[in-house]
Amino acid sequence: MSHFVTFGEIMGRLAPPGMLRLQQTLPGSLDMMFAGAEANVAVSLAILGADVSYVTALPINPLGDACVASLRALGVDTSRIVRSDQGRLGLFFVETGANQRPSRVIYDRSNSTISVTPAEDYDWPSILNGARGLHVTGITPAVSRTAAEATIQCVQQAKEAGVTVSCDLNFRAKLWRWSEETNPKTLAGQVMREVLPSVDLLIANEEDCGDVLGIHAAHSDVQAGRIEVEAYPDVARQVVEQFPNVRMVATTLRESYSASHNNWGAMLYDAQEDRAYFAPEEDGKYEPYEIRNIVDRVGGGDSFAAGLLFALDCDDFAGPGEAVGFAAAASCLAHSVAGDFNYVSRAEVEALMGGSTTGRVVR
């Protein structure tokens with residue numbers, strides 16, 4: 001396997017136990033773990049068996065120490081993490097939804113260490129030496145102007161070094177507030193249009209493409225949980241028209257019937273072949289996974305990104321069709337795991353791909 005690098009913010013994730021709401025729990029105890037889109041991808045890659053380094057900036061204090069230790073314990077190389085006496089560990093709070101009540105995320109990440117660490121503090125030539133893939137998202141540049149500049153610099157240096165760059169567009173409407181003169185969607189579009197010319201693989205759902213790039217899938221309404229699968233290859237073609245350097249466009253296909261019941265699948269568009277691959281398929285036809293009892297959907301897209309990067313890089317998979325099939329299965333299973341990290345092995349993913357869907361006890 002190749003060496004991967006991911007760059008972005010990791011935070012403390014705090015949540016009430018089970019499906020309680022914050023008002024039911026506080027004052028009281030919350031469950032805490034570490035999470036963040038790019039860290040989620042790094043951990044998933046490591047668990048699947050890849051060689052991966054995670055780059056971020058963390059405060060010099062016991063919280064930062066615990067965060068580094070948790071990543072290292074899961075097989076992620078943490079030697080390139082910048083430690084600083086500036087800023088703090090960002091936090092976010094999650095209420096897990098059920099039935100018609102959606103999950104809710106509350107951010108508390110102002111003045112986090114990565115938001116105040118300048119681009120020049122990261123030694124990108126050294127970090128990228130020997131790397132084949134760099135993964136970033138649209139979340140970290142949404143935190144601050146400084147974090148946006150660091151993201152732009154790292155993808156540009158990766159491009160110059162011949163490193164394949166992947167990016168999950170990941171628009172977050174609650175972020176992108178660091179410019180008083182520009183609204184969040186416009187600001188996201190401006191910044192990500194500086195990032196995307198360096199990107200080879202773009203991961204973005206229809207809502208991300210619409211909010212950031214102004215590209216919409218016909219007859220789809222993500223908020224209503226309705227998607228038109230056949231329209232997604234055209235969305236991908238429009239992305240490639242705007243950014244000819246993008247070789248592949250991937251998107252997850254989520255149909256939300258409730259917070260607890262989603263249909264789930266994915267598409268991978270190969271620009272060179274002008275061909276879209278859908279997963280999962282049955283008898284050559286797209287047939288999504290039906291997930292009726294979601295444990296935790298936060299981080300589902302990150303598990304898809306990790307699965308896709310792993311499979312595209314692995315010679316054991318016969319091209320884009322099998323790669324997106326592996327990624328869709330990995331992210332389907334992530335919905336059964338509490339927390340952002342996808343504690344699912346390659347063997348478990350391949351078992352689901354092979355038709356093991358009943359959840360029977362493995363003895």
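Me: Which residue does Glu-95 form a salt bridge with?
Reply: Arg-104, with the closest N and O atoms 3.3 Å apart; a salt bridge here is a side-chain nitrogen of Lys or Arg within 4 Å of a carboxyl oxygen of Asp or Glu. This is a predicted model, where local features need pLDDT of at least 70, side-chain atom pairs count only at pLDDT 80 or more, and totals for chains, interfaces and linings use all residues. Residues are numbered from 1 along each chain as its sequence is written, and side-chain values use heavy atoms, leaving out hydrogens and water.

Me: Is Glu-95 buried or exposed?
Reply: Glu-95 is buried, at 2% relative accessibility, while Arg-104 is partly exposed at 37% (buried is under 20% relative accessible area, exposed over 50%, partly exposed in between, with a 1.4 Å probe and protein chains only).

Me: How many salt bridges are there by this rule?
Reply: The count is 15. Among them, Arg-132 and Asp-313 pair at 2.9 Å, N to O. Arg-132 sits in the loop between helix 5 (124–128) and strand 9 (133–137) and Asp-313 in helix 10 (residues 300–313), so the pair ties together parts 181 residues apart in sequence. Helices (H or I, at least four residues) and strands (E, at least two) are DSSP runs, numbered from the N terminus.

Me: And how accessible are those two, Arg-132 and Asp-313?
Reply: Arg-132 is partly exposed at 47%; Asp-313 is buried at 12%.

Me: New topic. Which residues of helix 9 are buried?
Reply: In helix 9 (residues 232–242), they are Tyr-232, Pro-233, Val-235, Ala-236, Val-239 and Val-240. Down the helix axis they fall within an arc of 155°, so they line one face; the arc is taken over directions from the axis to the C-beta atoms.
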